[in-house]
Amino acid sequence: MNTNSNLYTVIYTTLIVVVVAAVLAVVSQSLKGRQEANEKADTISQMMTAAGFGSKEEFGKIGNAAVLARYAEEIDRAFVVGPDGQKVADLPLEKVYSPSELKKQNYNIKGADTPELPVFIFKNGVTVVPVYGAGLWGPVWGYIAFEPGSNVIKGAYFDHESETAGLGAKIKDDPEFQHSFDGEMIDFAGVNPFDIVKGGAPKDEAGKSLVDNKIDAITGATMTSRGLENAIDVWMATYAKYFLAEVEDSSDDVNANDDVNGDDAKEVKED
Amino acid sequence: MDAKLKETILNPIFKGNPITVLVLGICSSLAVTVTLKGALVMALSVIVVTGVSSLILSLLRNTIPGRVRIIVQLVVVAMMVILVDQVLKSFEATYAIDKQLSVYIGLIITNCIVMGRIEAFALGNKPWPSFLDGVANGAGYGLILLIVAFFRELLGSGTLFGYDVLGWMGYVPNNLVILPPMALILLGCIVWVQRSIQKDLQEK
């Protein structure tokens, strides 16, 4: 047979592409369940890390089943709020928001549809919410944990798809960067809920970062830092109504919160 | 086993090593050698991809139209790479490593060793030798990866396969070793060692 005729070439390439596509489709469908289970456990361990129940490495070592069990033990309730701050629906406890779902909500926040904003509240009162946005090379996302009924950050965990190793990838790999969020706060009432400052956030005399809504950016990763800041700003602005109502509710019983909010308001004015 | 087949297997491991002699696949060997675990998974992935795509293309070699043979090769290699990626994502033990290697698993398709061996060997040889050639070249690549990763993980993190080796005696990790330039320097040292053993590689 003449393997160089046009007809043969066209038929051959068509056939091989169809066969390869079929193989890939079958494999992708049959492995989907396992992959989703892995992704779910990964998402949960990121949320638990943000909420301070352990480190990502520890959760990685104990395995998926143990992560799910620990989550079931610690989680109190989860629900979805709308941009108006009102609760829309309860979430079943086994439901989490993986990056692909966050991506969908990110489009909704940008105006495609009404966003569903998940809120996860653990038994110790810590509230965890996700953020999602564009880094330099691909999406960046993460989970921010708040102290019970306040706008003070308890912890944060960030992940990315393809930021530069050693530079932008530090949002995930550098515990120091993630811990720099601890104790800072989100200014839900302000125009910029959070700042990741290039050149350094304001420091006190001892060189410690002030308790405000600003942290240091990562050296050499300006675009990733900016992307993460933008992700936090956009998502926190969308969550603002929910959190403003929450913080108001609980400020009656926690006096310290009033001071904290007072300082925060002053700082916004100075800006 | 006859001598020719033996040569097919042994040559790529040392004398004709794809990285140190053919100088193929350098980029990924810089990127994935920070930890031994990552290097091992990458090495196994490349072995599977080169072996199986060489086998498939060798089986198809007499039917492939000459004008589109590179495209057909690409389709088969791409399929193998996606399969490997999907399988790695499906297992608990490899999910985290797959995430860590991220784009580099997908980039196996651009690894010159794969297409190079298919074009140079699989299209002109029977399936069994082609499969062995693919596996052996993947193994030669993997061997160098593991050697580089051994030194980088040991000196850069003080660990091997994640287990503490130097840390307990107060070793301070050398961050320079973690950065890509050190992989290139280590690779240079391996080439140096190989060329001093194997004199016929030295340029006159």
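The model is predicted: local features require pLDDT of at least 70, side-chain atom pairs count only at pLDDT 80 or more, and totals for chains, interfaces and linings use all residues. Residues are numbered from 1 along each chain as its sequence is written, while chains are lettered from A and ligands numbered from 1 in the order in which they are written.

Chain A holds an open sheet of 6 strands in the order β2-β1-β3-β4-β5-β6. The pairing is antiparallel. Strands (E, at least two residues) and helices (H or I, at least four) are DSSP runs, numbered from the N terminus. Two strands pair if DSSP finds at least two bridges between them. β2 (87-90) and β6 (153-160) of chain A stand at the edges with a single partner strand each, so one side of each lacks a neighbour in the sheet. The twist averages 25° from one strand to the next. Axes are lines fitted to C-alpha atoms, for helices over the stretch in contact; angles run from 0 to 180 degrees between N-to-C directions.

β5 (residues 139-146) of chain A pairs with β6(A) over 7 bridges, in the antiparallel sense. W141(A) stands opposite D159(A) in β6(A). Helix α4 (residues 99-109) of chain A packs on the sheet and touches β4 and β5 of chain A. Its direction makes about 75° with that of β4(A). Residues are in contact if their C-beta atoms, placed from the backbone, lie within 7 Å.

The contact between the chains takes 24 residues from chain A and 20 residues from chain B. On the chain B side, α4(B) gives the most, with 9 residues.

Key:
Two residues are in contact if their C-beta atoms, placed from the backbone, lie within 7 Å.
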